[in-house]
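Welcome! Take a moment to turn the structure around on your screen, and then let us walk through it together.

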Amino acid sequence: MTQTPLCVACEGTVAPDGHCWDCGADQPDYRVRMEATGADGAAGVSDRGARRGINADALALAAAGDWTTGVVCDGVSMSPRAERAAQLAAETGCAALAERLVGGDLPETALSRSAARAGRAVEALSGTESPAPACTYVAGAVGPEGLWVAWVGDSRAYWLPEQGPAVLLTEDDTGEFGAISAWLGADAEPAEPGSRSLRPTVPGVLLLCTDGLTRYLADPADLRAAVPSPRRGDSWLPAARALVGHALDRGGHDNVTALLLPVGDR
């Protein structure tokens, strides 16, 4: 897993907005690119892209007994402190999801309650600001019996099997002209996250990603073709790098994040 960086000026703690909590120094190239690895080869990459000044995407990974959990968030670009909202939601939601699964919650319940916990954390950032910090949210839980996902907004989850057709598991929360119609934040309407489960009969990988990737690779079949499967027991980090690299090679107009959670024996 990634570690919290230290301030380049005083070695203090770096805040989610790229400034030191202790001395206030701006951190050069903070969160330009982040990589994370977890249990059973799970891995993710987030990159600022070529056109954005900050990376307002975030990802989190956790292992919880027989479960591997992950969350990907995308800060809403028109909201203040979008990068902080995304990072807080990803870390809070992933930790709560892992805790609830270990505690015996049904996956559907764990996903719903952890998304709500992430939403409350983002709401607490707002204070008196209007508009308030906001982000999208997609979470996945992989266990011995299958995989479960939940989402709010237009960040997506895909099932990419070793054999058979790939499947888009989520439905974008979007309205007129493609604008998102649901998000986490104080300005959001109360809503239950969308959810879906799958019990695969073949090994594969669950992809959680932001629209910085799907603007270039939206079709499930194209995504599957772009993901190089690692050898048995190896990390999916090279595959996550390949997906992010695909978006960057095509212009990298937005932040781009891809998180891969392996499913089944390989």
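How many bridges pair strand E8 (residues 156-161) with E12, and in which sense? There are 6 bridges, and the two strands pair in the antiparallel sense. Please keep in mind throughout that this is a predicted model.

## The six-stranded sheet

E8 and E12 belong to an open sheet of 6 strands, whose order is E1-E2-E13-E12-E8-E9, with antiparallel pairing. At the edges you will find strand E1 (33-37) and strand E9 (167-168), each of which pairs on one side only. Helix H5 (residues 237-249) packs on this sheet, where it touches E1, E2, strand E12 (204-209) and strand E13 (256-263). The direction of H5 makes about 25° with that of E2. As background, strands of a sheet pair through backbone hydrogen bonds, either parallel or antiparallel.

Let us start from the E1 side. E1 pairs with strand E2 (residues 43-47) in the antiparallel sense, over 5 bridges. Within this pairing, Thr37 has Ala43 in E2 as its bridge partner.

## E12, a covered strand

E12 is mostly covered, with 6 of its 6 residues buried. Gly204, Leu206 and Leu208 point one way from the strand, while Val205, Leu207 and Cys209 point the other way.

Now look at H5 itself. This helix has 13 residues and reaches 18 Å from its first C-alpha to its last, close to the 18 Å expected at 1.5 Å a residue. Its buried residues are Leu237, Ala239, Ala240, Leu243, Val244, Gly245, His246 and Ala247. The cover over them includes E1, E2, E12, helix H3 (211-214), helix H4 (220-226) and E13. Just after H5 comes Gly251, which takes a positive phi of about 125°.

## The largest nonpolar core

Which residues touch the most other members of the largest nonpolar core? They are Val71, Cys73, Ala89, Leu97, Cys135, Tyr137 and Leu184, out of 29 residues in this core. Two or more residues each come from strand E3 (57-64), strand E4 (67-74), helix H1 (82-102), helix H2 (107-123), strand E6 (137-143) and strand E7 (146-152). H1 gives the largest share, 8 residues. Apart from this core lies another, of 22 residues, among them Val45, Val205, Val227 and Val256.

Beyond residues up to four places away in sequence, its contacts include Ala89, Ala115, Ala118, Val122, Cys135, Tyr137 and Val152. H1, the helix with that largest share, has 21 residues and reaches 30 Å from its first C-alpha to its last, close to the 30 Å expected at 1.5 Å a residue. Of those 21 residues, 15 are buried, so H1 is largely enclosed by the rest of the structure. Following H1 is Gly104, whose phi is positive, near 100°.

## The E6-E7 hairpin

E6 and E7 form a hairpin with 2 residues between them. They pair in the antiparallel sense over 7 bridges, and Tyr137 stands opposite Val152 in E7. E7 is also joined by 5 bridges to strand E11 (residues 194-198), and the two run antiparallel. In that pairing, Trp151 stands opposite Gly194.

Why is E7 described as largely enclosed by the rest of the structure? Because 7 of its 7 residues are buried. Gly146, Trp148, Ala150 and Val152 point one way from E7, and Leu147, Val149 and Trp151 the other way.

Is Thr136 buried or exposed? Thr136, in the loop between strand E5 (134-135) and E6, has a relative accessibility of 2%, which is under the 20% cut-off, so Thr136 counts as buried. Its side chain makes a polar contact with the side chain of Ser155 (2.8 Å). Leaving aside neighbours within four places in sequence, Thr136 is also in contact with residues including Val72, Cys73, Asp74, Val152 and Ile180.

Gly24 lies in the segment before E1. With a relative accessible area of 40%, Gly24 is partly exposed.

Conventions. Residues are numbered from 1 along each chain as its sequence is written. This is a predicted model: local features need pLDDT of at least 70, side-chain atom pairs count only at pLDDT 80 or more; totals for chains, interfaces and linings use all residues. Side-chain values use heavy atoms; hydrogens and water are left out. Two strands pair if DSSP finds at least two bridges between them. Helices (H or I, at least four residues) and strands (E, at least two) are DSSP runs, numbered from the N terminus. Contact means heavy atoms within 4.5 Å. Axes are lines fitted to C-alpha atoms, for helices over the stretch in contact, and angles run from 0 to 180 degrees between N-to-C directions. A nonpolar core is a set of buried Ala, Val, Leu, Ile, Met, Phe, Trp, Tyr and Cys residues joined through side-chain atoms within 4.5 Å. Buried means under 20% relative accessible area, exposed over 50%, partly exposed in between (1.4 Å probe, protein chains only). The expected span of a helix is 1.5 Å times one less than its number of residues. A polar contact is a pair of N or O atoms within 3.5 Å; within protein, one must be able to donate a hydrogen and the other to accept it, and residues adjacent in sequence count only if both atoms are side-chain atoms.
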